[in-house]
Amino acid sequence: TEAIGLYNIGQTCCLNSLLQVFLMNTHFTGILRRITVPPSASQKSSSVPYQMLLLLEKMQSGKQKAVCPKALAYCLSQHRVKLFVQYDAVQLLLTLWNLIKGHLKNPELIEKLSDLYTIWVQEYMVCQECSFETKRNSNMITLPLSMLDSSCHLLKTLEECLQCFFYPEELTGHNMCFCEHCGKKTPFTQSMKLAHLPRTLILHLKRFCFRRSASTHKLCHYLSFPQDLDFNAVLTEEQCQTDTSEKASWQYELFAVVAHSGSTDCGHYCAYIRSITECKWYCFDDSEVCQVLWDDVKCTYGRSDFHW
(Lines give C-alpha, C1' and ligand atoms only; values in the text may rest on other atoms or scores of the structure.)
Protein backbone atom coordinates (compact mmCIF):
# COMPACT_ATOMS: atom_id res chain seq x y z
CA THR A 1 0.00 0.00 0.00
CA GLU A 2 3.01 2.31 0.20
CA ALA A 3 6.52 2.58 -1.23
CA ILE A 4 9.18 0.67 0.70
CA GLY A 5 12.88 1.55 0.86
CA LEU A 6 16.00 -0.64 0.79
CA TYR A 7 18.72 -0.41 3.42
CA ASN A 8 22.21 0.50 2.24
CA ILE A 9 24.49 -2.35 3.29
CA GLY A 10 27.70 -0.66 2.13
CA GLN A 11 27.92 1.46 -1.05
CA THR A 12 24.78 -0.21 -2.46
CA CYS A 13 22.89 3.00 -3.33
CA CYS A 14 23.35 2.26 -7.05
CA LEU A 15 22.09 -1.31 -6.67
CA ASN A 16 19.15 -0.16 -4.51
CA SER A 17 18.12 2.48 -7.05
CA LEU A 18 18.16 -0.01 -9.94
CA LEU A 19 16.28 -2.65 -7.92
CA GLN A 20 13.55 -0.13 -7.14
CA VAL A 21 13.18 0.72 -10.84
CA PHE A 22 12.92 -2.98 -11.75
CA LEU A 23 10.48 -3.84 -8.96
CA MET A 24 8.23 -0.79 -9.45
CA ASN A 25 7.72 -1.82 -13.08
CA THR A 26 4.59 -3.99 -13.05
CA HIS A 27 5.43 -5.39 -16.51
CA PHE A 28 8.73 -6.71 -15.11
CA THR A 29 7.23 -8.06 -11.86
CA GLY A 30 4.57 -9.82 -13.95
CA ILE A 31 7.40 -11.82 -15.53
CA LEU A 32 9.11 -12.32 -12.16
CA ARG A 33 5.98 -13.83 -10.60
CA ARG A 34 5.82 -16.53 -13.28
CA ILE A 35 9.30 -17.98 -12.76
CA THR A 36 9.80 -21.59 -11.72
CA VAL A 37 11.00 -21.93 -8.12
CA PRO A 38 14.46 -23.59 -8.09
CA PRO A 39 14.32 -27.08 -6.52
CA SER A 40 17.32 -26.99 -4.16
CA ALA A 41 18.49 -24.54 -1.50
CA SER A 42 21.77 -23.83 -3.31
CA GLN A 43 19.95 -23.13 -6.58
CA LYS A 44 17.55 -20.82 -4.78
CA SER A 45 20.38 -18.84 -3.18
CA SER A 46 22.17 -18.42 -6.52
CA SER A 47 19.13 -17.56 -8.69
CA VAL A 48 18.95 -13.79 -9.27
CA PRO A 49 15.29 -13.76 -10.47
CA TYR A 50 14.19 -15.89 -7.50
CA GLN A 51 16.04 -13.70 -4.98
CA MET A 52 14.49 -10.60 -6.60
CA LEU A 53 11.06 -12.22 -6.22
CA LEU A 54 11.72 -12.96 -2.54
CA LEU A 55 12.82 -9.35 -2.03
CA LEU A 56 9.67 -8.09 -3.75
CA GLU A 57 7.44 -10.25 -1.56
CA LYS A 58 9.32 -9.12 1.54
CA MET A 59 8.80 -5.48 0.55
CA GLN A 60 5.09 -6.04 -0.05
CA SER A 61 4.30 -8.16 3.01
CA GLY A 62 5.82 -6.12 5.82
CA LYS A 63 4.90 -2.81 7.41
CA GLN A 64 8.47 -1.61 7.93
CA LYS A 65 9.68 1.48 6.06
CA ALA A 66 12.58 -0.46 4.48
CA VAL A 67 13.92 -3.99 4.03
CA CYS A 68 17.45 -5.35 3.75
CA PRO A 69 18.57 -6.73 0.33
CA LYS A 70 21.33 -8.81 1.94
CA ALA A 71 20.28 -12.18 0.44
CA LEU A 72 20.13 -10.73 -3.09
CA ALA A 73 23.50 -9.01 -2.60
CA TYR A 74 25.03 -12.32 -1.50
CA CYS A 75 23.46 -14.00 -4.55
CA LEU A 76 25.05 -11.39 -6.84
CA SER A 77 28.43 -11.90 -5.18
CA GLN A 78 28.26 -15.58 -6.17
CA HIS A 79 28.20 -14.38 -9.78
CA ARG A 80 31.29 -12.18 -9.38
CA VAL A 81 29.38 -8.96 -8.90
CA LYS A 82 31.61 -7.03 -6.49
CA LEU A 83 29.98 -5.50 -3.43
CA PHE A 84 31.03 -2.42 -1.44
CA VAL A 85 32.41 -0.64 -4.52
CA GLN A 86 31.33 2.38 -6.57
CA TYR A 87 29.38 1.45 -9.70
CA ASP A 88 28.28 3.18 -12.86
CA ALA A 89 24.50 2.70 -13.05
CA VAL A 90 24.41 1.48 -16.65
CA GLN A 91 27.26 -0.96 -16.10
CA LEU A 92 25.44 -2.51 -13.14
CA LEU A 93 22.09 -2.39 -14.96
CA LEU A 94 23.44 -4.46 -17.86
CA THR A 95 25.07 -6.91 -15.43
CA LEU A 96 21.76 -7.39 -13.61
CA TRP A 97 19.78 -7.75 -16.83
CA ASN A 98 22.14 -10.39 -18.22
CA LEU A 99 22.00 -12.36 -14.96
CA ILE A 100 18.20 -12.20 -14.84
CA LYS A 101 17.87 -13.31 -18.45
CA GLY A 102 20.52 -16.02 -18.05
CA HIS A 103 18.77 -17.53 -15.01
CA LEU A 104 15.30 -17.69 -16.56
CA LYS A 105 14.48 -21.24 -17.65
CA ASN A 106 11.17 -20.64 -19.41
CA PRO A 107 11.69 -19.65 -23.11
CA GLU A 108 8.41 -17.72 -23.06
CA LEU A 109 9.56 -15.59 -20.11
CA ILE A 110 12.94 -14.98 -21.75
CA GLU A 111 11.14 -13.73 -24.85
CA LYS A 112 8.85 -11.51 -22.75
CA LEU A 113 11.85 -10.02 -20.93
CA SER A 114 13.60 -9.31 -24.23
CA ASP A 115 10.46 -7.76 -25.71
CA LEU A 116 10.11 -5.57 -22.62
CA TYR A 117 13.58 -3.98 -22.88
CA THR A 118 15.29 -4.67 -26.23
CA ILE A 119 15.86 -1.88 -28.77
CA TRP A 120 16.52 -2.81 -32.44
CA VAL A 121 18.47 -0.62 -34.86
CA GLN A 122 19.92 -0.98 -38.37
CA GLU A 123 23.52 0.13 -38.81
CA TYR A 124 24.60 1.45 -42.22
CA MET A 125 28.15 1.90 -43.56
CA VAL A 126 28.55 3.67 -46.94
CA CYS A 127 31.88 4.15 -48.74
CA GLN A 128 32.20 7.78 -49.84
CA GLU A 129 34.29 6.84 -52.90
CA CYS A 130 32.33 3.98 -54.49
CA SER A 131 29.00 4.18 -52.58
CA PHE A 132 29.31 0.52 -51.52
CA GLU A 133 26.84 -0.03 -48.67
CA THR A 134 26.69 -2.59 -45.88
CA LYS A 135 24.03 -2.88 -43.22
CA ARG A 136 23.38 -5.07 -40.23
CA ASN A 137 20.74 -5.44 -37.54
CA SER A 138 21.80 -5.02 -33.95
CA ASN A 139 20.09 -4.73 -30.58
CA MET A 140 20.78 -3.00 -27.30
CA ILE A 141 19.20 -2.61 -23.87
CA THR A 142 19.92 1.11 -23.54
CA LEU A 143 20.30 4.01 -25.94
CA PRO A 144 23.63 5.59 -24.88
CA LEU A 145 23.16 9.29 -25.58
CA SER A 146 26.10 11.66 -25.73
CA MET A 147 25.58 15.07 -24.15
CA LEU A 148 27.99 16.63 -26.66
CA ASP A 149 27.53 17.05 -30.41
CA SER A 150 30.18 16.19 -33.02
CA SER A 151 31.82 19.60 -32.43
CA CYS A 152 31.91 19.00 -28.64
CA HIS A 153 29.23 21.62 -27.99
CA LEU A 154 26.93 20.97 -25.05
CA LEU A 155 23.46 19.70 -25.93
CA LYS A 156 20.61 21.22 -23.95
CA THR A 157 17.65 18.82 -24.28
CA LEU A 158 17.00 15.09 -24.43
CA GLU A 159 15.46 15.54 -27.88
CA GLU A 160 18.72 17.07 -29.16
CA CYS A 161 20.66 14.08 -27.73
CA LEU A 162 18.39 11.64 -29.57
CA GLN A 163 18.72 13.53 -32.86
CA CYS A 164 22.51 13.59 -32.47
CA PHE A 165 22.60 9.83 -31.80
CA PHE A 166 20.90 9.06 -35.13
CA TYR A 167 22.72 11.74 -37.13
CA PRO A 168 25.16 10.35 -39.79
CA GLU A 169 28.85 10.43 -38.84
CA GLU A 170 31.75 10.94 -41.25
CA LEU A 171 34.62 8.47 -40.70
CA THR A 172 37.72 10.11 -42.12
CA GLY A 173 41.46 10.32 -41.41
CA HIS A 174 42.45 7.80 -38.72
CA ASN A 175 38.84 6.56 -38.59
CA MET A 176 38.67 5.43 -42.24
CA CYS A 177 37.45 1.86 -42.88
CA PHE A 178 38.57 -0.80 -45.35
CA CYS A 179 36.33 -0.99 -48.43
CA GLU A 180 36.13 -4.40 -50.13
CA HIS A 181 35.27 -2.85 -53.52
CA CYS A 182 38.01 -0.20 -53.45
CA GLY A 183 40.54 -2.58 -51.90
CA LYS A 184 41.83 0.08 -49.51
CA LYS A 185 40.86 2.26 -46.56
CA THR A 186 38.44 4.98 -47.58
CA PRO A 187 36.22 7.60 -45.90
CA PHE A 188 32.87 6.15 -44.81
CA THR A 189 29.53 7.52 -43.67
CA GLN A 190 28.16 5.68 -40.64
CA SER A 191 24.52 5.99 -39.65
CA MET A 192 21.84 4.18 -37.67
CA LYS A 193 18.12 3.85 -38.23
CA LEU A 194 15.65 2.97 -35.52
CA ALA A 195 13.77 -0.27 -36.23
CA HIS A 196 11.97 -1.20 -32.99
CA LEU A 197 11.37 0.28 -29.55
CA PRO A 198 10.41 -1.84 -26.50
CA ARG A 199 7.63 -1.32 -24.00
CA THR A 200 10.12 -0.04 -21.41
CA LEU A 201 12.76 2.18 -23.00
CA ILE A 202 16.01 2.91 -21.14
CA LEU A 203 17.92 6.06 -22.12
CA HIS A 204 21.45 6.53 -20.81
CA LEU A 205 22.77 10.09 -20.57
CA LYS A 206 26.56 9.81 -20.84
CA ARG A 207 27.55 12.43 -18.30
CA PHE A 208 31.25 11.84 -18.69
CA CYS A 209 34.05 12.69 -21.09
CA PHE A 210 37.76 11.96 -21.30
CA ARG A 211 40.37 14.67 -20.96
CA ARG A 212 43.75 14.64 -22.72
CA SER A 213 45.31 13.50 -19.46
CA ALA A 214 43.15 10.33 -19.79
CA SER A 215 41.22 11.27 -16.65
CA THR A 216 37.42 11.08 -16.67
CA HIS A 217 35.41 14.25 -16.17
CA LYS A 218 31.71 14.40 -15.25
CA LEU A 219 29.42 16.66 -17.27
CA CYS A 220 27.12 18.38 -14.77
CA HIS A 221 25.48 20.85 -17.15
CA TYR A 222 21.71 21.38 -17.32
CA LEU A 223 19.86 19.08 -19.71
CA SER A 224 16.07 18.94 -19.70
CA PHE A 225 13.86 15.94 -20.50
CA PRO A 226 10.08 15.83 -20.96
CA GLN A 227 7.43 13.83 -19.12
CA ASP A 228 6.09 12.63 -22.48
CA LEU A 229 8.22 11.67 -25.48
CA ASP A 230 7.02 10.98 -29.03
CA PHE A 231 9.79 9.60 -31.26
CA ASN A 232 7.77 10.46 -34.36
CA ALA A 233 8.17 14.14 -33.48
CA VAL A 234 11.90 13.80 -32.72
CA LEU A 235 13.31 11.67 -35.56
CA THR A 236 12.97 12.15 -39.32
CA GLU A 237 11.64 9.58 -41.79
CA GLU A 238 15.23 8.85 -42.89
CA GLN A 239 16.20 7.95 -39.32
CA CYS A 240 13.53 5.25 -38.99
CA GLN A 241 13.39 1.81 -40.61
CA THR A 242 9.93 0.48 -39.83
CA ASP A 243 6.28 0.60 -40.84
CA THR A 244 3.56 3.01 -39.74
CA SER A 245 1.91 0.56 -37.31
CA GLU A 246 5.19 0.13 -35.41
CA LYS A 247 5.77 3.89 -35.19
CA ALA A 248 2.28 4.40 -33.76
CA SER A 249 3.50 2.86 -30.48
CA TRP A 250 6.58 5.10 -30.19
CA GLN A 251 5.05 7.33 -27.53
CA TYR A 252 6.35 7.18 -23.97
CA GLU A 253 5.58 8.48 -20.49
CA LEU A 254 8.51 9.01 -18.15
CA PHE A 255 8.51 6.29 -15.51
CA ALA A 256 11.82 6.60 -13.64
CA VAL A 257 15.03 8.61 -13.36
CA VAL A 258 18.17 7.15 -11.77
CA ALA A 259 20.20 10.17 -10.70
CA HIS A 260 23.81 10.57 -9.52
CA SER A 261 25.29 13.35 -7.43
CA GLY A 262 29.02 13.80 -6.93
CA SER A 263 32.06 13.26 -9.14
CA THR A 264 33.25 10.35 -11.28
CA ASP A 265 35.28 9.03 -8.34
CA CYS A 266 32.61 9.13 -5.64
CA GLY A 267 29.01 10.10 -5.17
CA HIS A 268 25.53 8.88 -4.41
CA TYR A 269 22.59 7.46 -6.39
CA CYS A 270 18.88 7.77 -5.83
CA ALA A 271 15.84 6.97 -7.97
CA TYR A 272 12.79 9.05 -8.79
CA ILE A 273 9.97 6.69 -9.81
CA ARG A 274 6.39 7.33 -10.87
CA SER A 275 4.03 4.74 -9.39
CA ILE A 276 2.05 3.14 -12.21
CA THR A 277 -0.85 2.34 -9.88
CA GLU A 278 -0.99 5.68 -8.03
CA CYS A 279 0.37 8.06 -10.71
CA LYS A 280 2.50 9.74 -8.01
CA TRP A 281 6.24 10.42 -8.01
CA TYR A 282 8.45 9.05 -5.22
CA CYS A 283 12.11 9.60 -4.36
CA PHE A 284 13.86 6.37 -3.32
CA ASP A 285 17.01 7.30 -1.39
CA ASP A 286 18.05 3.92 0.04
CA SER A 287 15.88 3.39 3.15
CA GLU A 288 14.30 6.85 2.90
CA VAL A 289 11.27 7.15 0.61
CA CYS A 290 9.13 10.23 0.17
CA GLN A 291 6.52 11.50 -2.26
CA VAL A 292 7.76 14.29 -4.53
CA LEU A 293 6.51 16.61 -7.26
CA TRP A 294 7.57 16.91 -10.90
CA ASP A 295 9.53 20.06 -9.94
CA ASP A 296 11.63 17.85 -7.64
CA VAL A 297 12.32 15.41 -10.49
CA LYS A 298 13.50 18.33 -12.62
CA CYS A 299 16.34 18.86 -10.13
CA THR A 300 18.04 15.93 -11.88
CA TYR A 301 18.36 18.07 -15.03
CA GLY A 302 21.82 18.95 -13.74
CA ARG A 303 24.13 21.87 -12.77
CA SER A 304 27.02 21.29 -10.42
CA ASP A 305 25.71 23.86 -7.91
CA PHE A 306 22.18 22.42 -7.84
CA HIS A 307 21.26 20.02 -5.05
CA TRP A 308 18.30 17.66 -4.83
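The model is predicted, with local features requiring pLDDT of at least 70 and side-chain atom pairs counted only at pLDDT 80 or more, while totals for chains, interfaces and linings use all residues. Residues are numbered from 1 along each chain as its sequence is written, and side-chain values use heavy atoms, with hydrogens and water left out.

Colleague: How are helix α4 and helix α6 oriented relative to each other?

Modeller: Helices (H or I, at least four residues) and strands (E, at least two) are DSSP runs numbered from the N terminus, and axes are lines fitted to C-alpha atoms, for helices over the stretch in contact, with angles running from 0 to 180 degrees between N-to-C directions. The axes of α4 (residues 48-61) and α6 (residues 89-103) come within 7 Å and cross at roughly 105 degrees. Angles under 35 degrees count as roughly parallel, over 145 as roughly antiparallel, 65 to 115 as roughly perpendicular and the rest as oblique. The orientation of α4 to α6 is therefore roughly perpendicular.

Colleague: Which residues of α4 and α6 make that contact, and how do they divide by class?

Modeller: With contact meaning heavy atoms within 4.5 Å, α4 contributes Val48, Pro49 and Met52, and α6 contributes Leu99, Ile100 and His103.

Colleague: Are α6 and α7 roughly parallel or roughly antiparallel, and which residues make their contact?

Modeller: The axes of α6 and helix α7 (residues 107-117) come within 9 Å and cross at roughly 155 degrees, and the two helices are therefore roughly antiparallel to each other. On the α7 side the contact is made by Ile110, Leu113, Ser114 and Tyr117, and on the α6 side by Trp97, Ile100 and Lys101.

Colleague: What angle do α1 and α4 make where they pack, and which residues of α1 take part?

Modeller: The axes of α1 and α4 lie 11 Å apart and the helices pack at an angle of about 80 degrees, so that α1 and α4 are roughly perpendicular to each other. On the α4 side the contact involves Met52, Leu55, Leu56 and Met59, and on the α1 side Leu19, Gln20, Phe22 and Leu23.

Colleague: How many residues of helix α1 are buried?

Modeller: Buried means under 20% relative accessible area, exposed over 50% and partly exposed in between, using a 1.4 Å probe and protein chains only. Among the buried residues of α1 are Cys13, Cys14 and Ser17. Helix α1 (residues 13-23) is mostly covered, its buried residues being 10 of 11.

Colleague: Where does Tyr269 lie, and which backbone nitrogen lies 3.1 Å from a polar atom of its side chain?

Modeller: Tyr269 has its place in strand β16 (residues 267-274) and is buried, with a relative accessible area of 8%. Leaving out residues up to four places away in sequence, Tyr269 touches residues including Cys13, Cys14 and Ser17. A polar contact being a pair of N or O atoms within 3.5 Å, where within protein one must be able to donate a hydrogen and the other to accept it, and where residues adjacent in sequence count only if both atoms are side-chain atoms, the side chain of Tyr269 reaches the backbone oxygen of Tyr87 at 3.4 Å.

Colleague: Which backbone oxygen lies 3.4 Å from a polar atom of the side chain of Gln239?

Modeller: Gln239 sits in the loop between α9 (231-234) and α10 (244-247), where it is buried with a relative accessible area of 11%. Beyond four places in sequence, Gln239 is in contact with Gln163, Phe166, Tyr167, Met192, Lys193 and Leu194. The backbone oxygen lying 3.4 Å from a polar atom of its side chain belongs to Phe166.

Colleague: What is the relative accessible area of Trp250?

Modeller: Trp250 is found in the loop between α10 and β14 (251-253), and its C-alpha lies 5.6 Å from that of Phe231, 19 residues apart in sequence. Apart from residues up to four places away in sequence, it touches residues including Leu194, His196 and Cys240. Trp250 is buried, with a relative accessible area of 0%.
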